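Let me put the thing on the screen and then walk you through it chain by chain.

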Amino acid sequence: MLTRAWNSDLAYNFRTSPVAVASAALALILLIAATFAPWLAPHNPMDVASLSLMDSFKPPLGMADADWSNPLGTDNQGRDVLSAIMYGMRISLLVGFLSVLFAIVVGIAIGLLAGYAGGITDTMLMRVADVQLTFPSILTALLVDGVISAALPHTMREALQIYVIIFAIGISLWPNFARTVRGSTLVERNKDYVMAARVIGVPSWRIMLSHVLPNVIGPVMVIGTLGLGLAIIAEATLSFLGVGLPPTQPSLGTLIRFGDDFLFSGEWWVTVFPGLTLILMVLAINLLGDWLRDALNPRLR
Amino acid sequence: MALLDVVDLTVEFPTRRGVLRALDRVSFSIDAGEILGVVGESGAGKSLTGAAIVGLLERPGRIAGGQILFEGKRIDTLSAEPLRRIRGRRIGMIFQDPLTTLNPLYTIGRQLTETMQTHMRLSDSEARAKAIGWLDRVGIPAAAHRIDAYPHEFSGGQRQRVVIALALCADPVLVIADEPTTALDVSIQAQIITLLKDLTRDHGTAVMLITHDMGVIAETADRVAVMYAGRIAEIGPVAAVIRHPAHPYSDGLMASIPSLEHRVDRLRQIDGAMPRLDAIPNGCRFNPRCPRVFDRCTTEQPELLDAGATRAACWLHAHD
Amino acid sequence: MTKPAVLEAIAVSHLFDVSRPFLQRMFTREPRRMLRAVDDVSFEIAPGTTFALVGESGCGKSTIARLAVGLYEPSDGDILFENQPLSSARAQPGLRRRMNMIFQDPYASLNPRWRVSDIVAEPIRAFAIATRPNEVHARVGTLLAQVGLTIRDGEKYPHEFSGGQRQRISIARALASEPDFLVCDEPTSALDVSVQAQILNLMRDLQKRLGLTYLFISHNLAVVRHMADRLGVMYLGRIVEQGPAEAIFRTPRHPYTRLLLDAIPDLEQVGRARTPVGGELPSPIAPPPGCAFHPRCPLANDRCRVEKPAHTMAGAVQVACHAVEEGRDG
């Protein structure tokens, strides 16, 4: 079966596309660095005890006074920038991934329901999606985040913050998935194989899940990949604005925010390297998503 | 000299699984003013033949061998621009779906006059007058008024009439019609076929009529070429091929068509299906399904042999 | 008829609402637009026979197919399945499994993501005809063999098969619930001629062997000639001529039936010159008044332009035509 997958059109397309291979490699490197950060990172920036103010503001390699123990330099408290980035990527990727997953589940559920039921259900659900889409998704995420955070009692706020962020970003992204799934559902719903199931009396919910869903899930993969990039940026934006994750779980966005204060006083590396990493990560994901969309597009084959 | 002479035309499609040969040394000719039907089932290669002749093969398909001679000169080696000129002026095209042939954004008058003025020297008023004349001739009522209408304002049958007018307005000597009536209802089909037949006879235009519908061929064509898996199985006068087919495939094809006149207990069927391009059998392509197969059929591929009134690519007619 | 008709349609009409969306209508004050797809259609299908409905696009035959199998409820009139109202018959699984449907498009009628064995097994599982996996497997094998395929074909996906083979899979699926009655909606229209012959022969064989009753929908009169015992010719939602197939083919009475028969290019008449009847198929949304066929009818008179013809008997055949009724059709 693996040889069949390797020889399939999609895999062949992948193997012969330099962009796809390069971005996949980059994404993989970043993913491994993030996942295994506790073992791979040279230092642990969370461990306050290991920090020393003597190490603060060490510049990155290439500049004077740099050394290999902090190849990308340190911040104002002596935290190693490289390690902070690796730990930060974990959070960024985790939040991004979970929020996209949430958006996909909600989006598929609503899209399937709207497309299959049609009529007033469809109209209502899609109007809600349309209204939400008139707002920039960041704004929606900000709004949801703000409202829920304010509603939570102080004590629980910090612990639950990460879930609130995931929920907020997920909510801001569901309409895209819902619309695509609804469109595909509308097409599939009129196909004869659905009618064949109706003729023998299979209940609607079963038709939706077992017949229609497998056929509409394809485009979701592509939008999901691109959505992941959006979600990561969204989280970074929220953290940069200071309404994202608490400083005890810094993501790349938080790191950029920290370093922003020192940007013009000369210690540029504290903000630039996390920024570059964010760019590279989202770029790799977007390129992969673009390749996937073109590869799966039957008209381009 | 024949108007169109296709000699050993071979069309290939390079894919990553190897080169697929969609047309294998197809040869036939069309004389001035005659109607040649090209009939076959899906995948036989009849549309590809039409497309190859006018240089409209879709990538990555390419002509890999043979010659196409039009009015005595080779056109398969022409570059894009001279071929395009011939395509509008000397060879007209009619495709299956009038919805996609006609540009929905322009009036049909504009499309007609544009076509004519591209290929002939005409002033705007001359072109418009001619366009109205054509609409009239193809049976569009109130032509002078309808000339400024858009394609979506016509019915399917009327659109196909407009397409016929478009194909004939530059006065070509050959028209290639690819399934011109397949998308239409039966009663409209009859009208369109009669129209095509009458107009081309009046102007002495030759027609290459590509279709899967044998009945249409029977009514319209002078000669017919039956295609199978990228080759011509049989070619000859229509009456001969229909009433006394010499190739077992043509024979099976005619017999499997249910008749309007009488009902049989069982239609004669040809078992199996046309081979896929990547699984062409050795020898005669039809041999796995042929009720009269013998040894030679499985090893050697037959060329078109003389079989009385027609020519058939079948070893049953070898005279050696 | 000694046994009750398998399916009976009594004065069935069906309307579709094709009005513009509500908001638009609110502003322009347009009335609702209804499309009368089926208009006062009645027929009976005797067990073990094939009843065909023939017509061109917009005549309503596909709508009747869906009404006959209960996918829609008729706006007017009744449909009876073995003398019971269809809707209540369909509410009982025991009766619902006795009817099934075969579709036109071999590519859209099979779920591309399901294996063939699951596709064929769906009715078996839906009606719990067999529950243990090896029983289901055995039945699927039998069904596939019945249509000329093998159990190994069950492992594959639909895209690995040709159009004709997919129609066979469709037939196997339809037979899986062990039905008595099959609605066949243009089952061979998308197939090549030689493949069509295979499928038609298969369908006749199965009918003989399993005692099936067919409602056969088609636009191809030659195919209908081969399959039908009785047939109905439809035009713009009405049945204009109905009766034994032999009688209608031998002496068609209604002008539209004659037009249809004449319009079909005939293999036996090579090079025939003819003048086909002109005119277009009118739109079902705005049908002509009186008899819908009058704009194209060579026998139309003033009465035809205002009055819809009733169904009258002309020998063994039922015809809806003033000219026939008045003896003008000579």
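This is a predicted model: local features need pLDDT of at least 70, side-chain atom pairs count only at pLDDT 80 or more; totals for chains, interfaces and linings use all residues.

Helices (H or I, at least four residues) and strands (E, at least two) are themselves DSSP runs, numbered from the N terminus. Residues are numbered from 1 along each chain as its sequence is written, and chains are lettered from A and ligands numbered from 1 in the order in which they are written.

So, chain B, strand β3, residues 35–39.

How many of the residues of β3(B) are buried? Five of five, where buried takes 20 or more other C-beta atoms within 10 Å of the residue's own, exposed is 12 or fewer, partly exposed is in between, and C-beta atoms are placed from the backbone. Both faces are covered: Ile35(B), Gly37(B) and Val39(B) on one side, Leu36(B) and Val38(B) on the other.

Over to chain C. Eight strands make an open, mixed sheet here, in the order β6-β7-β8-β3-β9-β10-β12-β11. Why is one side of β6(C) and of β11(C) left without a neighbour in the sheet? Because β6 (99–102) and β11 (312–314) stand at the edges, each with a single partner strand. On average, neighbouring strands are turned by 20 degrees against each other, direction ignored.

Helix α2(C), residues 61–68, packs on that sheet and touches β3, β7, β8 and β9 of chain C, with its direction at about 155 degrees to that of β8(C). For the record, axes are lines fitted to C-alpha atoms, for helices over the stretch in contact, and angles run from 0 to 180 degrees between N-to-C directions. Helix α7(C), residues 163–175, packs there as well, touching β6 and β7, at about 175 degrees to β6(C). Elsewhere in the sheet, β9(C) and β10(C) run antiparallel, joined by six bridges, and Tyr235(C) stands opposite Arg238(C).

Zoom in on Cys184(C), which sits in β7(C), residues 181–185. Cys184(C) counts as buried because it has 26 C-beta neighbours inside 10 Å. Leaving out residues up to four places away in sequence, Cys184(C) touches Ile102(C), Tyr214(C), Leu215(C), Phe216(C) and Ile217(C); contact means C-beta atoms, placed from the backbone, within 7 Å. Ile217(C) is 33 residues away in sequence, yet the C-alpha to C-alpha distance is 6.0 Å.

Last stop, chain A. The C-alpha trace spans about 75 × 50 × 30 Å along its principal axes, and 43% of the 301 residues of chain A count as buried. Of the chain A contacts with a separation of 6 or more, 70% are between residues 24 or more positions apart.

That's my tour; over to you.

Methods: Two residues are in contact if their C-beta atoms, placed from the backbone, lie within 7 Å. Two strands pair if DSSP finds at least two bridges between them.
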